[in-house]
Amino acid sequence: MYLGIDLGTSAVKTVLVDDAQRVIASESRPLATVSPQSGYSEQDPAQWIDATFATLDALKASHADALAAVEGIGLSGQMHGATLLDKSLRPLRPCILWNDGRSANECRVLEQRWPALRAVTGNKAMPGFTAPKLLWIAAHEPEIFAATKLVLLPKAYLRLVLSGEAVEDVSDASGSLWLDAARRDWSDAALEATGLSRAHMPRLVEGCAPATTLRSELARRWGMVRQPVIAGGAGDNPAGAVGIGAIRPGAAFVSLGTSGALMAPTDRIAANPDRVVHTFCHAIPGMWIQAGAILSAASCLAWLARLFGATEAELLAPLGARPRAPSPVSFLPYLAGERTPHDDPVVRGMLDGLSHGTDRAAIVQAVLEGVAFALADCRDALADAGIGIAEADVIGGGSRSAFWLAVLANVLNVPVHRFTGGETGAAFGAARLGRLAVTGEAIGDVCVRPQRIETFEPDAALVDAYVERLPAWRELYRPRH
């Protein structure tokens with residue numbers, strides 16, 4: 001038996017997977033995010049631990065025998081967050097999250113200090129990444145910076161609590177701007193540019209490699225026969241790729257979670273930082289992921305549900321299974337700023353084209369289309385790096401909506417595929433990495449594609465209609481700085 005634990009932004013999801021790769025049980029607990037100021041986004045690391053322990057306690061209550069047999073644990077996590085620990089390994093402040101936009105000025109400072117940043121990391125300095133956050137801390141909270149002895153990404157902090165060791169995998173570390181992406185190792189020049197050294201960093205491993213083991217007292221708490229191995233694990237999107245078998249070039253996929261991304265595994269670095277294409281090490285050796293990323297995806301629908309005082313399912317139900325025409329309303333999904341292709345942390349969302357005749361369904365459809373148009377921007381940025389998208393698998397909570405996937409197929413003009421259990425892809429991928437760390441099996445034998453349950457083909461007439469709408473949608477973007 002194997003466990004996959006996904007420390008997301010909105011929830012911790014834990015899945016229990018057997019040797020036949022069947023999900024035996026799953027548990028989820030919500031997480032809260034706070035915004036002390038506009039553009040800020042933080043979480044208390046203590047709630048990550050409470051939520052994770054709650055999922056495991058629940059699994060013990062419902063599936064004690066299966067949990068007792070766990071041999072390997074894989075961790076997946078939201079990327080880029082800055083968790084700062086003191087000499088006693090206690091958090092000094094709330095974690096600054098991936099969707100926090102406060103460090104835009106520090107990004108400019110970082111690129112001036114270290115001109116080789118884009119060439120070495122494969123990325124442009126943006127507020128979402130970890131390194132600029134540390135420059136902000138140094139400038140605005142110098143006493144916190146001086147007391148910082150260890151900087152961990154969210155899932156590495158969870159691993160520290162579970163095991164007592166500070167270890168990170170190279171995929172998650174890629175999102176810090178401290179990693180040499182080609183060498184898959186910390187860059188001393190990058191660390192020096194932010195006033196840090198390797199002494200502030202965790203040990204690095206590959207995602208499918210054994211990293212450490214679960215503390216003996218925690219193994220006893222959950223009734224485990226042995227101390228399970230904890231794998232290196234992965235950032236949420238690389239873990240999602242492992243979960244759907246996207247481990248080779250050509251296996252593009254879309255993540256429709258809190259944020260969104262269009263990702264393509266590659267066996268070489270195909271960086272395009274000027275168009276805000278992200279370069280991450282994959283969770284398996286010798287592979288990378290090139291990604292276009294948007295900061296708000298399924299969270300846009302959640303925002304609209306709060307606005308209308310309805311559930312997301314109630315918003316989607318009147319739309320039916322397929323769009324008949326584009327909505328007369330347009331929506332920019334920049335509720336928390338945007339990454340690809342704008343790198344604009346202060347831009348905000350917009351509804352355009354409202355009239356007395358606009359109904360709720362038109363607005364809901366516009367929100368889904370706005371996210372799809374943003375992913376079309378990602379598609380074009382990847383194309384500029386020489387990466388074409390012929391089809392795409394879809395994972396994340398947004399993959400539950402057939403209407404949304406039909407919109408996506410028409411906007412991207414490629415077939416898109418839905419999987420069984422696609423909304424738990426990252427946790428399932430983490431469980432696969434936990435298995436690989438224990439068994440040493442061939443990666444291709446374990447990371448197979450799950451069953452596709454539905455394919456959404458583009459409709460020629462709708463493709464043309466969306467192609468016609470896209471330029472006008474893009475014209476709505478106006479930088480605020």
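Where is the place of Gln21? The first legend answers this; every view shows a predicted model.

**View 1. Gln21 in the loop between β2 and β3.** Gln21 has its place in the loop that runs between β2 (11-17) and β3 (23-30). Its phi is near 65 degrees, which is a positive value in a residue other than glycine. Most residues other than glycine have a negative phi, and most peptide bonds are trans.

**View 2. The loop between β20 and β21, with Pro341 and Asp343.** Asp343 has its place in the loop between β20 and β21. The phi of Asp343 is near 45 degrees, again a positive value in a residue other than glycine. Asp343 counts as buried because its relative accessibility is 15%, and the cut-off for buried is under 20%.

**View 3. The aromatic pair of Phe53 and Trp222.** A search of the whole structure finds eight aromatic pairs. In the pair of Phe53 and Trp222, the ring centres are 5.1 Å apart and the planes lie at 85 degrees, so the pair is edge-to-face. Phe53 belongs to helix α1 (residues 45-62), while Trp222 lies in the loop between α10 (216-221) and β14 (229-231); the pair therefore ties together parts that are 169 residues apart in sequence. Phe53 counts as buried at 13% relative accessibility, and Trp222 counts as buried at 1%.

**View 4. The aromatic pair of Tyr334 and Trp473.** The centres of these two rings are 6.4 Å apart and their planes are at 65 degrees, so this pair is edge-to-face. Tyr334 lies in the loop between β20 (330-332) and β21 (350-352) and Trp473 in helix α18 (residues 460-475), so the contact ties together parts that are 139 residues apart in sequence. Tyr334 is buried, with a relative accessible area of 1%; Trp473 counts as buried at 2% relative accessibility. One aromatic cluster is formed by Tyr334, Phe373, Tyr466, Trp473 and Tyr477.

**View 5. Arginines over aromatic rings at Trp288 and Phe129.** Arg184 lies over the face of Trp288, 5.1 Å from the ring centre. At Phe129, the charged end of Arg339 sits over the ring at 5.3 Å from its centre.

**View 6. Packing of helix α11 on helix α16.** Helix α11 (residues 236-243) packs with helix α16 (residues 425-439) at an angle of about 75 degrees, and their axes are 7 Å apart. That makes α11 roughly perpendicular to α16. From α11, the residues in the contact are Asp236, Ala239, Gly240, Val242 and Gly243. They meet Gly425, Ala426, Phe428, Gly429, Ala430, Arg432 and Leu433 in α16. By class, the contact has six nonpolar, four polar and two charged residues.

**View 7. Helix α5 and what covers its buried residues.** Helix α5 (residues 130-140) is mostly covered, with eight of its 11 residues buried. The buried residues are Thr130, Ala131, Pro132, Lys133, Leu134, Leu135, Trp136 and Ile137. The elements that cover these residues include strands β6 (83-85), β7 (95-96) and β8 (150-152). Helices α3 (104-113), α6 (142-147) and α9 (188-193) are also among them.

Notes:
Residues are numbered from 1 along each chain as its sequence is written. This is a predicted model: local features need pLDDT of at least 70, side-chain atom pairs count only at pLDDT 80 or more; totals for chains, interfaces and linings use all residues. Side-chain values use heavy atoms; hydrogens and water are left out. Rings of Phe, Tyr and Trp (its six-membered ring) pair if their centres lie within 6.5 Å; planes under 30 degrees apart count as stacked, over 60 as edge-to-face and the rest as tilted. Helices (H or I, at least four residues) and strands (E, at least two) are DSSP runs, numbered from the N terminus. Buried means under 20% relative accessible area, exposed over 50%, partly exposed in between (1.4 Å probe, protein chains only). A charge sits over a ring if NZ of Lys or CZ of Arg is within 6 Å of the ring centre and within 35 degrees of the ring normal. Axes are lines fitted to C-alpha atoms, for helices over the stretch in contact, and angles run from 0 to 180 degrees between N-to-C directions. Angles under 35 degrees count as roughly parallel, over 145 as roughly antiparallel, 65 to 115 as roughly perpendicular and the rest as oblique. Contact means heavy atoms within 4.5 Å. Ala, Val, Leu, Ile, Met, Phe, Trp, Tyr, Cys and Pro count as nonpolar, Asp, Glu, Lys and Arg as charged, and the others, Gly among them, as polar.
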